[in-house]
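The entries follow in the order of the search.

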Amino acid sequence: HTRFDCDWSSDVCSSDLKPIFDLRERFERRLDKDFSEEHQDNKSDLLSRWRAGIAFSYKKQFSGQIVYQYAHDLFWTAASNGSEERSDLLLGYVDFKAMDGKVRLGRQQLVKGSQRLVGPGEWGNTARSWDMARYSVGRWDAFFGKLAVNSAPSRDALLGGFSYGSKYGETMMLYRHDKHSGTQDDIYTLDHTYKYKVGKFSADLEVAGQAGRTADSKLEAWASSLRVNYQHDAKTKFYVEGNAASGGTRGDTSLTFDQFYATNHTKYGILDAQGWRNMKGLTLGVNYKPTKALSLNAEYHRFGLWAADDAWYSDGGKPNKGDGFTFKDATGSKGTDVGGEIDFWGSYELDKHSAFEAGISWFKPGAFIKAFAGAGNQDQVYGYVQYRIKF
């Protein structure tokens with residue numbers, strides 16, 4: 001950490017440079033992703049992510065960060081082995097004061113509300129950032145930019161919006177534009193989050209509605225989430241959560257909610273098979289912190305489709321796929337019972353700079369998954385261990 005001080009005539013100069021270093025290594029193993037023992041799709045991944053950069057500031061006039069990111073995935077299956085790598089400028093922005101507020105210009109990450117619609121996707125190996133302009137003043141926050149770094153890049157993805165926070169929660173309006181396969185999306189979302197606490201109980205509520213166009217269809221969709229927490233004592237918290245998001249079609253109108261650029265890991269199970277699209281889900285969970293450094297979690301999830309004739313969507317918003325098919329039944333005859341998931345995971349802070357994390361997940365298919373030919377005769381199992389050091 002380097003600090004520079006100088007006196008230029010009557011002007012006092014004060015500058016800071018702080019190095020940034022972030023290393024994460026994670027091993028993952030996934031068994032029977034398509035729920036079929038006939039298709040050998042078991043996969044192991046060694047995911048490496050290295051970041052290096054600087055944080056800088058000059059007097060109280062401006063500050064910012066420049067961060068380079070390298071991501072590498074070494075994977076192996078029964079059929080083949082291989083690797084993938086990405087090299088990106090993850091962050092490159094400057095902050096300065098203007099009109100009683102703060103302006104941030106350049107490549108930056110965007111975190112809004114619960115991150116069910118807009119988040120950095122840090123669990124992914126590449127994460128997400130935007131070439132964006134952002135202005136915050138008082139309770140208002142406005143932003144507009146182009147997608148820069150993402151696991152699934154898009155040269156045409158634009159996101160803009162504004163939010164207002166009050167004692168009644170945060171209200172956010174979002175606009176998303178993107179092009180794909182010769183069509184485009186122009187989607188408007190109105191979202192509101194609210195938190196309430198009384199005694200040992202607390203609640204988190206989120207509701208969202210959407211309108212616009214997706215591909216060649218008009219869009220009318222909605223989603224909601226409600227979580228109730230009970231803080232039993234200083235170490236133990238119990239919670240129950242319900243989630244729902246519309247799906248299906250009505251004539252030439254799509255009713256499938258678009259989760260935009262969410263951070264979904266741990267929201268609908270650590271196996272990451274479920275997204276906030278065409279879904280209904282119930283979660284029961286407990287968090288136990290025996291010490292300041294150790295955190296343990298256990299959850300049970302039950303998932304279903306909102307509309308039987310729409311797809312089952314993953315945490316990334318894409319339809320889940322099997323061996324040569326997609327988990328979607330246009331007739332709706334396979335029902336809506338997706339299945340249940342049990343998760344156990346925990347983290348331990350080795351010191352103020354490093355932490356160890358591990359988890360295991362078991363997904364038992366329901367009638368919907370079992371109805372697909374060649375699928376549904378096997379449970380899906382996922383596990384990981386991770387180490388991270390950050391300065």
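I took two strands as paired if DSSP finds at least two bridges between them; strands (E, at least two residues) and helices (H or I, at least four residues) are DSSP runs numbered from the N terminus.

I worked on a predicted model, in which local features need pLDDT of at least 70, side-chain atom pairs count only at pLDDT 80 or more, and totals for chains, interfaces and linings use all residues. Residues are numbered from 1 along each chain as its sequence is written, and side-chain values use heavy atoms, with hydrogens and water left out.

Entry on pairing. I found E9 (residues 158–166) and E10 (residues 169–180) antiparallel over 9 bridges. The two form a hairpin with 2 residues between them. Gly-161 stands opposite Leu-174 in E10.

I then followed E10 to E11, an antiparallel pair joined by 11 bridges. Tyr-175 has Tyr-188 in E11 as its bridge partner. In this hairpin, also with 2 residues between the strands, I noted a positive phi near 50 degrees at Ser-181.

I looked up a nonpolar patch of about 910 Å², whose residues include Tyr-196, Phe-201, Leu-205 and Tyr-300. Areas come from the Shrake-Rupley method with a 1.4 Å probe, and for residues only the protein chains shown count as cover.

E12 gives the most to the patch, with 3 residues.

Methods:
Patches are made of residues with over 30% relative accessible area and no salt bridge: like charges are joined within 9 Å, nonpolar side chains (Val, Leu, Ile, Met, Phe, Trp, Tyr) within 5 Å. A salt bridge is a side-chain nitrogen of Lys or Arg within 4 Å of a carboxyl oxygen of Asp or Glu.
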